[in-house]
Amino acid sequence: MSAHETHPPLHLDSFEAPRTPAAIAALSLATQYQSPTMVNHVVRSWLWAEAFAVIEGRHDVDHELLYVSAVLHDIGLAPEFDNVLRSYEEAGGHVAVALTRGAGWDAQRGTRALEVIVRHNWPSVDPAVDVEGYLLEIATGLDISGARPDALPEAFLREVLEAYPRLDLADEFGSGVVDQAARKPHTAARRLVEGGVVRKLEQNPLG
C-alpha cells in the first residue's frame, strides 16, 4: 500500500487556516506588502506543509506556528522589510517575532517562528529537532525547486494550483533572490542562486 493510500484523500478543504489573531494578522500583512503571486506562493507552501504532515503521519505539529511561519516566510523580500545586512529569511523571521508578540505570543514562541522561517532556507532540517521547520523546508522545496513532486497526490496538487495559481513566481521570486544574492552574498540567497534556483523555478513540474 502506498503512502497516499494509508490516509483519506487530500483535498483543499482538508485544511483550514487558523482563525487566531496571529494567523489573521500574518495573512493581512502578507497581502498588504506582497504581490498576489507571492501570496499564492506562501499559501501553497502552507498547504503543502500540512499535506506532508498528513502523509508522513506527523501529529506533533503546532499548526498555528506552521501557518504564521509559512505565510510570513518570504516577507523579507518586500522592500519595506528588506534588511541591509541580514538575509531575507532572517528579516522575515523578525517580522514574525514582532507580529506574534503583538498577538500575545510569549518571547519563546515568537522565537520559534523566527527559527522556522530561517530554517526553511536550510539545505535540510531534521524533523526531530524542528518539525515545523522541516515541513516548511520541504514544502518550499516543492513549490520553488520542484523537489519531491510525486510525494503528494496529483489531484491535490492540481486542486491547490487551480485555487492558488503560480502566476509570475519564476520571474518574481527568481529576480528577488538574485538581487538578494548580489547585495548580500554572505546569505543563503547566494547558495540558492549558485544552486540553480532560477533554472529550477523555470523547470518546476508544478508549472
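Glycine 196 counts as buried in this predicted model, because its relative accessibility is 17% and the cut-off for buried is under 20%. You'll find glycine 196 in the loop that runs between helix H9 (188–194) and helix H10 (197–202).

Now for the rings. How many aromatic pairs does a search of the whole structure find? The count is 4. One of them is tyrosine 33 with phenylalanine 81, an edge-to-face pair with 4.9 Å from centre to centre and 70 degrees between the planes. This pair links distant parts of the chain, 48 residues apart: tyrosine 33 belongs to helix H1 (residues 21–33), while phenylalanine 81 sits in the loop between helix H3 (63–72) and helix H4 (88–102). Are these two residues buried or partly exposed? Tyrosine 33 has a relative accessible area of 28%, so it is partly exposed, and phenylalanine 81, at 23%, counts as partly exposed as well.

Tryptophan 46 and tyrosine 67 make another pair. Their ring centres are 5.1 Å apart and their planes meet at 85 degrees, which is why the pair is called edge-to-face; the cut-off for that label is an angle over 60 degrees. Because tryptophan 46 lies in helix H2 (residues 36–55) and tyrosine 67 in helix H3, the pair ties together parts of the chain that are 21 residues apart in sequence. Here both tryptophan 46 and tyrosine 67 are buried, whereas tyrosine 33 is partly exposed.

There's also a cluster to look for: ring pairs link Phe15, Trp48 and Phe156. Last stop, a charge and a ring. The charged end of arginine 109 sits over the ring of tryptophan 105, at 4.0 Å from the ring's centre.

Methods. Residues are numbered from 1 along each chain as its sequence is written. This is a predicted model: local features need pLDDT of at least 70, side-chain atom pairs count only at pLDDT 80 or more; totals for chains, interfaces and linings use all residues. Side-chain values use heavy atoms; hydrogens and water are left out. Helices (H or I, at least four residues) and strands (E, at least two) are DSSP runs, numbered from the N terminus. Buried means under 20% relative accessible area, exposed over 50%, partly exposed in between (1.4 Å probe, protein chains only). Rings of Phe, Tyr and Trp (its six-membered ring) pair if their centres lie within 6.5 Å; planes under 30 degrees apart count as stacked, over 60 as edge-to-face and the rest as tilted. A charge sits over a ring if NZ of Lys or CZ of Arg is within 6 Å of the ring centre and within 35 degrees of the ring normal.
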